[in-house]
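Here are my notes on this model.

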Amino acid sequence: MYYKSDSLEIIGMSAAVPSSYADNDDYAKGDKRLQKLVALTGIHRRHLLDKKQYRLVDIAVRAASDVIKKSNIEKNKIKIIVYVTQNPEFYGPSTAFYVQKELAIGIDCIVFDVNLGCSGFVAGLQIVSSLLDGQQEGDLALLINAECMSWPERENPNDVYLFGDASTAVLVKKTMGRIGKYYTEYYSDGNRYKALFHEKECSPVIMDGPLVFEFSIYEVSKYIKEFLKRYGLIDDDIDHIVFHQAQKFIVDHIAVKANLDRKKLLYSLNEYGNTSSASIPLSICCNKGDLCEHGRFLLSGFGVGLAWGISYIEIDSKVVFGVLFL
């Protein structure tokens with residue numbers, strides 16, 4: 001599925017994470033197997049939600065409130081709220097309705113949840129952008145990616161050292177005549193839906209590790225190379241590369257296989273772990289001090305579904321507001 005636009009711009013991006021964290025380096029002391037795992041994944045800390053203190057949606061609302069305040073926008077211009085999560089606190093109505101209430105967004109607005117994982121930011125950005133195409137100039141969409149990945153039981157106990165919790169909020173504006181590129185592609189393969197499978201709450205998350213590993217490194221890199229060729233993009237057209245933060249070994253090898261400059265990669269996994277659909281905007285927010293003023297970003301999310309997406313988009317560093325700790 002292909003989509004492109006030159007009338008949409010990101011005008012704000014914020015992230016929120018729990019202050020509490022688990023230190024993988026501490027856990028790995030005296031355990032050579034875990035030390036090897038930490039070195040391979042690059043995940044040294046993971047910020048974890050204390051459910052006695054916060055719900056995931058509370059963190060999502062804080063991120064959204066921050067981006068709305070710092071973007072200095074009129075809330076009645078928000079016509080779309082999309083809340084992407086695999087782990088909603090309640091199953092009806094959509095969590096997006098609660099966010100709408102907490103933010104005091106008016107009724108002239110479509111709100112809904114999207115059940116997607118690691119590819120959810122690329123997909124969510126395409127969804128809100130497509131909907132904005134039919135709106136008036138100056139109208140806004142709010143995209144929230146919220147994931148509590150630390151709580152599910154897992155078939156492989158080593159998986160617990162990979163996952164963290166976070167929420168991000170992004171404001172997208174329809175701006176006619178804007179000189180800026182946004183290209184995106186998205187793919188889904190339901191034939192491999194059991195590669196990463198969580199049947200129901202309290203059941204273990206089951207992952208076919210070798211299949212997911214080969215898919216991530218070999219297939220995703222192939223599609224990235226085809227994407228770049230299709231849109232005539234070369235290394236000089238890219239300032240920053242942000243992939244889903246599965247683990248460092250996978251991120252680095254995708255870049256190598258796709259013939260990309262690894263020096264342009266941005267990471268958040270070392271501090272926050274794998275935060276599923278929140279990992280791409282979280283990586284941008286936590287690296288705000290190193291961003292180019294008018295940054296040109298190559299993004300790719302991939303995982304559960306199986307699903308994968310690739311985007312090329314321009315984002316000004318001044319609209320990246322960083323990370324809040326709760």
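1. A cavity is a set of points on a 1 Å grid over the protein atoms alone where a 1.4 Å probe fits but cannot get out, and its lining residues have an atom within 4 Å of a point. The model is predicted: local features need pLDDT of at least 70, side-chain atom pairs count only at pLDDT 80 or more, and totals for chains, interfaces and linings use all residues. Residues are numbered from 1 along each chain as its sequence is written.

2. The count comes to 1 cavity of 30 Å³ or more. About 40 Å³ of space lies in the largest cavity. Volume here is the space filled by probe spheres set on the points, with grid points joined across faces, edges and corners.

3. Which residues line the largest cavity? They are Leu 8, Glu 9, Ile 10, Leu 125, Ser 129, Val 172, Tyr 182 and Ile 313. The lining divides into 6 nonpolar, 1 polar and 1 charged (nonpolar: Ala, Val, Leu, Ile, Met, Phe, Trp, Tyr, Cys and Pro; charged: Asp, Glu, Lys and Arg; polar: the others, Gly among them).

4. Strand 2 (8-17) and helix 5 (120-132) each supply at least two lining residues. Strand 2 gives the most, with 3 residues. Helices (H or I, at least four residues) and strands (E, at least two) are DSSP runs, numbered from the N terminus.

5. Strand 9 pairs (at least two DSSP bridges) with strand 1 (residues 2-5), antiparallel, over 4 bridges. Tyr 3 stands opposite Thr 184. Strand 14 (residues 307-316) also runs antiparallel to strand 9, joined by 7 bridges. There, Tyr 312 is the bridge partner of Tyr 183.

Key. Heavy atoms only, no water. 1 Å grid on protein atoms, 1.4 Å probe; cavity = no way out; pocket = protein on both sides within 12 Å on 5 of 7 lines; lining within 4 Å.
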